[in-house]
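Please look through the structure shown here together with the briefing that follows it, taking one topic at a time.

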Amino acid sequence: MLKAEVVAAVAVTSLHYSRLAGFCLLFFGFTTVAGVLPDDRADAMYHSYDGGGVEITGPSILVLKNVRQDLAVSGNYYVDSISSASIDVVTQASPYKEERTEYTLGADYMHNNSIMSLSYTDSEESDYEASTASFGISMDMFANMTTVSMGYSRGWDVVGKVNDPAFSEDVDRQSYLLGLTQVITRDMLMEANFEAITDEGFLNNPYRSVRYLDPDSALGYSYEPEVYPNTRTSNALALRSLYYLPYRASTLAEYRIFDDTWGIRAHNVKLAYIHPLSSGWLFEGRYRYYTQNAADFYSDLFPRRDSQNFLARDKELSTFSSNTLGFSVSYDFVQNGWRGIDRGSINFVYDHIWFNYDDFRDLRDTSAPVGQEPLYKFSAGVAQLFVSIWF
Amino acid sequence: MLPIRKILLLACVLSCVTACSPVEPWVKPYEREHLADEIMKFDRNPVSHSYMVHVYQAREAARGAEGGSGGGCGCN
């Protein structure tokens, strides 16, 4: 394998992580209940993802402190240490290691029944930088029966290439968020969220390739660089409900519909059951199903070189579905205060995800005719261990 | 028009129609004991929630509206 190809593999997978990172952590700014600032807390987590030849581990530290009666500040430090031999990497390049570091600073200011939130996130890795600023406001209404929230985020990314210092492309991102939380009955809450996201700039991966039929190649196919449109707009609408059962336990139900200007439509549902015990233990079991269709310009195998304007063979843009089974166990090791700590809990969270692709083929099987290789599938284990302290 | 935008437009029209009548809280503050329970929070663990959003977003085309917009029970 040529050295350039080895280096080129660096961002085949990791690009996607950093691209999305800026928007992921905005939620710290929106998790406040209007009219009430969040409690002082600190969380220290170790996370681990292992699946499809990819291992990602690292810490996440969050500290949130009320510095005044009407002002809370928060900081988050997050690391992804990536070791990848994913299906893209093993078929087109060589395994690599990479690290992404992310910092978020946020502030929540309360005024009457409203809370205004500001946050800034910076994410860096060797070939991708992402900065995101966000503003949000949430208001309690109708005798605290209803909470309305709105948010706006702006992101600026710089896409690089490890083996090409001259390569530098920009991406601008904007996100508009509208949320409504409603008390339905004394035992039921509902939440509706809508988010529109627009991207403009260099949206594809500078390393990833698509394959096309090539009779002159020994394999029967060759590769050319992927080409994406330079704009994308997506809409997502989610409904969630929490229901308190006749005994002390609750159920969560969630549905989300998504579509975008690339022709992708996705749905996901999630069901969870949460059961506390009086001894300080809390258990949760959950199931999630996700399905999407492919982008208009996706193909596992194009008929010839430059067969269309836009070309993608990214499995995240293919037709696929996934099933997740997960559980959480939490134990409050401080329940009634101890040396300045109001409460402390230790938590273990595990989810197992099965991905099944409908039009992305496993090219490791070179015995099958071109275009008839077995469909790719894999499963991943996602574990989190964290301690939370309220003070 | 995208179907999600149609749904939103319908919601806006309905909210305009209903906004003309006064709203009486049908769950009184003293009836919100269950809603104030920790197990009735949409986002009990923000670090864990954000991490799982990140895990899914990196592997799915869908993004956005992952939640965390507030509790809204007015219990405190």
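In this predicted model, the pLDDT of chain A stays under 50 over residues 1–16, a stretch for which the model has 47 contacts beyond four places in sequence. The pLDDT is also below 50 over residues 20–32 of chain A, and this stretch has 68 contacts in the model beyond near neighbours in sequence. For chain A as a whole, however, the mean pLDDT is 91, and 91% of the residues reach 70 or more.

**Nonpolar cores**

- The largest nonpolar core has 25 residues, of which Tyr49(A), Tyr357(A), Val382(A), Val47(B), Met52(B) and Val55(B) touch the most other members.
- At least two residues of this core come from each of β1 (41–51), β2 (54–68), β3 (71–84), β17 (343–361) and β18 (375–390) of chain A, and likewise from α2 (46–57) of chain B.
- The element that gives the most to this core is α2(B), which supplies six residues.
- Another core, which lies apart from it, has 23 residues, including Phe258(A), Phe297(A), Leu317(A) and Ala62(B).

**Chain B**

- Two helices and zero strands are found in chain B, and 45% of its 76 residues count as buried.

**Asp39(A)**

- Asp39(A) is placed in the loop between α2 (10–24) and β1 of chain A, and it counts as partly exposed because it has 13 C-beta neighbours inside 10 Å.
- Between the C-alpha atoms of Asp39(A) and Thr319(A), which are 280 residues apart along the chain, the separation is 42 Å.

Conventions
Residues are numbered from 1 along each chain as its sequence is written. Chains are lettered from A and ligands numbered from 1 in the order in which they are written. This is a predicted model: local features need pLDDT of at least 70, side-chain atom pairs count only at pLDDT 80 or more; totals for chains, interfaces and linings use all residues. A nonpolar core is a set of buried Ala, Val, Leu, Ile, Met, Phe, Trp, Tyr and Cys residues joined through C-beta atoms within 7 Å. A residue is buried if 20 or more other C-beta atoms lie within 10 Å of its own, exposed if 12 or fewer, and partly exposed in between; C-beta atoms are placed from the backbone. Helices (H or I, at least four residues) and strands (E, at least two) are DSSP runs, numbered from the N terminus. pLDDT is the predictor's confidence in each residue, from 0 to 100. Two residues are in contact if their C-beta atoms, placed from the backbone, lie within 7 Å.
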